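Please keep the sequence and the structure in view while reading.

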Amino acid sequence: MFSTFDLEFPWIGLGAAVVLTVLLLATDALRGDRVLSRWKDPVWLAWLAVVMYLVHIFEEYGIAANGARHAFPESLCTTLGQGAYPDCAIPTEFYLFVNIGLTWVVAVLCALFARRYVMMGFAFYSLVVVNCCFHIVPTLVTGTYNPGMLTSVVMFLPASVWVGNVFLKHREPALGVGRLLGIVGVGLVVNGSLPLTLNLFLNDVIPAAVLDLLQLVNAGLIVLVGALLQRSLSRSRATAATTGDRVGT
């Protein structure tokens, strides 16, 4: 059922993004390692991902670059041939389950956990990297704007390149190409599951309640994979330390 919160949540997110931007650029409150440049600090970069995604959601659900309001739901309903939003077959709360679960919960959890677990500082970039491609590639193919494309080009693309570079050059510990591929892989799964679960719903395979619940499970995959990659990293470090001790003796 459509509610005013469907229209309000991107504005709330934009307000939070403004506050977080001030904290990121004007204070050290969101830094994990003050010796490192903030642009190389996994904790700071994790909070940057939160800010970028909140702004991205505003372009999709607040005011798009072409001036359209709440443009992404309308675009999705039209693309799938389900009529005009909010009267199309896709439940209006679906968009809230997707975006609140991913950005307000998972992205923030990743940033909080990044202070102790370095892989969590990069985990949410799984969504940034892949969603960037999901917006830019259709524009290159069709030559038309889609809601979210501007922030993908201006924010997601340069951030993805920079953070990938930081990840690969990170030392003590070295993170490795394999773990970077793991991050990209979970981004593909999370993004790819959205149309999959929608098609299951539209073909009467699953009810709306299950569709909504699956979006929360889907979002949780980012935290799960981040934790698994952190566990892998910890084991690698322990093995390396043990090997070093043996060589030393």
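In the pairing of α6 with α7, residues Y125, V128, V129, N131, C132, H135, I136 and T139 of α6 meet M149, S152, V153, F156, L157, A159, S160 and V163 of α7, where contact means heavy atoms within 4.5 Å. Helices are DSSP runs of H or I with at least four residues, numbered from the N terminus. This is a predicted model, in which local features need pLDDT of at least 70 and side-chain atom pairs count only at pLDDT 80 or more, while totals for chains, interfaces and linings use all residues. Residues are numbered from 1 along each chain as its sequence is written, and side-chain values use heavy atoms, with hydrogens and water left out.

**Helix α6 against helix α7**
- The contact of α6 with α7 divides into eleven nonpolar, five polar and no charged residues; Ala, Val, Leu, Ile, Met, Phe, Trp, Tyr, Cys and Pro count as nonpolar, Asp, Glu, Lys and Arg as charged, and the others, Gly among them, as polar.
- The axes of α6 and α7, which are lines fitted to C-alpha atoms over the stretch in contact, come within 9 Å and cross at roughly 135°, with angles running from 0 to 180 degrees between N-to-C directions.
- The two helices α6 and α7 are therefore oblique to each other, given that angles under 35 degrees count as roughly parallel, over 145 as roughly antiparallel, 65 to 115 as roughly perpendicular and the rest as oblique.

**Helix α2 against helix α7**
- Helix α2 (residues 42-61) packs against helix α7 (residues 149-169) at an angle of about 165°, and their axes are 9 Å apart, which makes α2 roughly antiparallel to α7.
- On the α2 side, the contact is made by L45, M52, Y53, V55, H56 and E59, while the residues from α7 include M149, F156 and W162.
- By class, this contact of α2 with α7 has twelve nonpolar, three polar and one charged residues.

**The largest pocket**
- The largest pocket has a volume of about 680 Å³; a pocket is an open set of points on a 1 Å grid over the protein atoms alone, where a 1.4 Å probe fits, with protein on both sides within 12 Å along at least five of seven lines.
- Of the 27 residues that line the largest pocket, having an atom within 4 Å of a point, the closest to its centre are F72, L76, F134, H135 and L194.
- The lining of the largest pocket divides into 17 nonpolar, nine polar and one charged residues.

Definitions and conventions: Points joined across faces, edges and corners; volume = space filled by probe spheres on them.
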